[in-house]
Amino acid sequence: MSNKMPKLTVVGAGPGDPDLITLKAIKALESADVVLYDALINETLLKYAPKAEQIFVGKRKGCYAYHQEQINELIVDRAKSYGHVVRLKGGDPFIFGRGAEEIDYVQQFDIETDMIPGISSSFAVPAYQGIPLTKRGVSESFWVITGTTKSHKLSQDVYLAAKSNATVVILMGMSKLSEIVSIFTAEKKQDTPVAIIQKGTTENEEFGFGTVHTIEKIVVEKNLSSPAIIVIGEVVNQRVKLASINKEIQEEVVS
């Protein structure tokens, strides 16, 4: 048993680019005795916790290293045995990251808890592709929706979002793409622009652009798959303008 007070810090690792982690998150990793990390974090971040026990608890291709109940128990065990446990999660832990569930669980055991937000992939990944989720005169709001609910079904919020003029960002939705396309088509939005960005903000990023009508074909052509983010809305067309502006700036600098 450790003489240290047991503590859990749930930390957001950001969307994939290791430079997008916060300074506060790095400080937490440096003080960690144990790090429990997920599949979507950039593992180069573990260098900030060289003295900590590092345990992979994520899910890859449907295979769980640990189920959630086991992760909860592991946090409690390691906190009481070693002291400071950092739970390192991709993106932001409070946006479809189950961070709140883990904090709720460990607080039953008189373990101190803290939470350090991360940059969410929901807006960072589109931004890296030059897509503004909101733009005056184009989009006044945006939805962020999980593509797969606890019951493994598509969220009913997608039906509501499809009726709005807002930008729609769907996480964990690639397996439901056909269903998503059908919903937007039923709202006569088959010509609405769509972007799908796989492994966003990383050096392995891949992407496809089309419309509700064409995006499934593009996904097949480009062999896109999870983890990916789906962005639906007129703002996707703004990317071309941003990209051309960046190109012009670069050409001016070179010349």
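Okay, let's start inside the sheet: Val35 has Gln54 as its bridge partner in strand S3. Before I go on, keep in mind that this is a predicted model.

So, what about the other neighbour? In strand S6, Val35 is bridged to Val86. Val35 belongs to strand S2, residues 34-37. S2 pairs with S3, residues 53-56, in the parallel sense, with 4 bridges, and S2 with S6 is also a parallel pairing over 4 bridges. Now look at the side chains. Which residues of S2 point which way? Val34 and Leu36 go one way, Val35 and Tyr37 go the other, and all of them are buried.

Is Gly91 buried or exposed? Its relative accessibility is 7%, and buried means under 20%, so Gly91 counts as buried. If we skip the neighbours within four places in sequence, Gly91 is in contact with Gly12, Ala13, Gly14, Pro15, Gly118, Ile119, Ser120 and Ser121.

Phe96 is in the loop between S6 (84-89) and H3 (99-106) too. With 40% relative accessibility, Phe96 counts as partly exposed. Together with Ile95 and Met172, Phe96 makes a nonpolar surface patch of about 260 Å².

Next, helix H6, residues 177-186. Which of its residues are buried? Leu177, Ile180, Val181, Ile183 and Phe184 are. Looking down the axis of H6, these buried residues fall within an arc of 160°, so they line one face of the helix. And what do they pack against? Find helix H5 (157-163), strand S9 (167-171), strand S10 (193-198), helix H7 (215-222) and strand S12 (228-232) on your screens.

Keep going along the loop between H6 and S10 and you get to Thr192. Thr192 is buried, at 13% relative accessible area. Leaving out residues up to four places away in sequence, Thr192 touches Gly210, Thr211, Val212, Ile232, Gly233 and Glu234.

One last thing, picking up Val212 from that list. How far is Val212 from Gly91, C-alpha to C-alpha? The two are 121 residues apart along the chain, and their C-alpha atoms are separated by 26 Å.

Definitions and conventions
Residues are numbered from 1 along each chain as its sequence is written. This is a predicted model: local features need pLDDT of at least 70, side-chain atom pairs count only at pLDDT 80 or more; totals for chains, interfaces and linings use all residues. Side-chain values use heavy atoms; hydrogens and water are left out. Patches are made of residues with over 30% relative accessible area and no salt bridge: like charges are joined within 9 Å, nonpolar side chains (Val, Leu, Ile, Met, Phe, Trp, Tyr) within 5 Å. Accessible areas come from the Shrake-Rupley method with a 1.4 Å probe; for residues, only the protein chains shown count as cover. A salt bridge is a side-chain nitrogen of Lys or Arg within 4 Å of a carboxyl oxygen of Asp or Glu. Helices (H or I, at least four residues) and strands (E, at least two) are DSSP runs, numbered from the N terminus. Buried means under 20% relative accessible area, exposed over 50%, partly exposed in between (1.4 Å probe, protein chains only). The arc is that of the directions from the helix axis to the C-beta atoms. Contact means heavy atoms within 4.5 Å. Two strands pair if DSSP finds at least two bridges between them.
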